[in-house]
Amino acid sequence: MYFIYEFLAIVLLIFSPIIFLFRIISGKEDPKRFIEKFGIYSEKSTYKKTLWFHGASVGEILSIIPIVKELEKSSKVKKILITSSTTSSAEVFSKYKFKKTIHKYYPIDINYFSKKFIKHWKPKLAIFVESEIWPNMFRNLYFNQIPIVLLNARITKKSFYNWKKFSSFSKNIFNKISLALPQNFETFKYLKILGVKNIKIVGNLKYFGEKKSQKLNLALKNKFKNREIWCAASTHKNEEMFIGKVHKKMKLSKKNLLTIIIPRHINRSSSIIDELNNIGLKTVTHSSSKKITNNTDIYLVDTYGEASKFYKICNVSFLGGSLISHGGQNPLEPARLGNYILHGPNISNFREVYKVLGNLKISSKVDSVFEMQKIVKKKISYKQSKFLSQKLNLIGKKIFLKNLSEIKKYI
């Protein structure tokens, strides 16, 4: 099966010049750094005990930032390498000022590139975040006796059944994982069936978040001081139009309403503006720094890594990916920062998290424009109690420390 996997990867490699050209033109690849995906680097690695973290994109990278910051304080840690696959995650990483940590793009999972990557960076420990399972890389790490940790592991029902179709191949991959730290019981069950031997449930790492400066948030708060605001975050295609209709419905009774939309993928910003414009809504983008006027309906956040600033000045947030068949996006950050959470019916990615929020009575499911506008109107002045905020942060702190403790055992 490895042969078939490698063969398909090589076929993809043959067409990669066309694929990469298209992705560079569409802004999905960095024209200066895409060669890193072929194992070509501008500098040599002088460290033999590099700690290596890999996360697919923005969400995964943000979830490990607190752990990376803590590990940078350790005298045992000389170098930390973070890899990811998207330009947006690289952009988010660039906003942090690390002393020991660098970012590179993850190599194409072909046997040659995997070996080349390991030989160049010489990792002491490889930590893969959530659902990043790469057959060739896992095999070569295992052959080089480099421990593999699956941090905040998440296996969905769909991906589990996909892996099960190739049972022997899957077990040959998953049994190479030294330690898996699943974020929920469903993943624990799936990992066990797939052949992981060492599994410890320590909770969802995304319960924990950094405490950041309030200065910029105060500036934003002043920007919206004459408006009633709420937030729709991590939205996907078709969800922005739904939110636009909610805004129009609410504005009939709330003339000073302004809706903040933070799309999951900011490269869709132009099409979102066009869609909203077609239903008569005026949009101002965050990157433009234009003033908000009385006619502004939507404030579109077209930059990465700034969602927390908006959660801090809002009282209610809708989390996207839940009105479509995506499985929902992570609601923990806005909940920790005092927001009442709204979500659609499709929340399979965070079912256990939403159960906790539901039990705390700080979230609601919505199925229609009428239902959402009704709850937003009711909760737009919502004030989360200090008890609930402290409880969520306490849960997060405990989970963070457990994850950190398990990683330190390998250092």
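Predicted model: local features only at pLDDT ≥ 70, side-chain atom pairs only at ≥ 80, totals over all residues.

Colleague: How is a pair of aromatic rings described?

Modeller: By two things, the distance of the centres and the angle of the planes. Take Phe208 and Phe400: their centres are 4.2 Å apart and their planes make an angle of 15°, so the pair counts as stacked, given that the cut-off for stacking is under 30 degrees.

Colleague: Which parts of the chain does the pair of Phe208 and Phe400 tie together?

Modeller: Phe208 is in the loop between helix H9 (185–194) and helix H10 (215–223), while Phe400 belongs to helix H17 (residues 386–408). The pair therefore links parts that are 192 residues apart in sequence. Phe400 counts as buried, because its relative accessibility is 3% and the cut-off for buried is under 20%.

Colleague: And what kind of pair do Tyr299 and Phe310 form?

Modeller: That one is tilted, with 6.1 Å centre to centre and 40° between the planes. Tyr299 sits in strand S10 (residues 298–300) and Phe310 in helix H13 (residues 307–311), so here the parts tied together are eleven residues apart in sequence. Both Tyr299 and Phe310 are buried.

Colleague: Which residues form one aromatic cluster?

Modeller: Tyr41, Trp52, Tyr106, Phe117, Trp121, Phe128, Trp134 and Phe138 do.

Colleague: Where does the charged end of Lys37 sit?

Modeller: Over the ring of Tyr105, at 5.4 Å from the ring centre.

Colleague: Now a single residue. Is Ser63 buried or exposed?

Modeller: Buried, because its relative accessible area is 10%, and under 20% is what the word requires. You'll find Ser63 in helix H3 (residues 58–72). A polar atom of the Ser63 side chain lies 2.7 Å from the backbone oxygen of Glu60. Leaving aside residues up to four places away in sequence, Ser63 touches Val129, Leu205 and Lys206.

Colleague: Is Lys361 buried or exposed?

Modeller: Exposed, because its relative accessibility is 67% and the cut-off is over 50%. Lys361 is in the loop between helix H15 (351–359) and strand S13 (363–365).

Colleague: How far apart are Lys361 and Leu388 in sequence and in space?

Modeller: They are 27 residues apart in sequence, and 9.7 Å apart in space, going C-alpha to C-alpha.

Definitions and conventions: Residues numbered from 1 in each chain as written. Heavy atoms only, no water. Helix = DSSP H or I, 4+ residues; strand = E, 2+ residues; numbered from the N terminus. Buried < 20%, exposed > 50% of the residue type's maximum accessible area, 1.4 Å probe, protein only. Polar contact = N/O pair within 3.5 Å; in protein donor to acceptor, adjacent residues only side chain to side chain. Contact = heavy atoms within 4.5 Å. Phe/Tyr/Trp six-rings, centres within 6.5 Å; stacked < 30°, edge-to-face > 60°. Lys NZ or Arg CZ within 6 Å of the ring centre and 35° of its normal.
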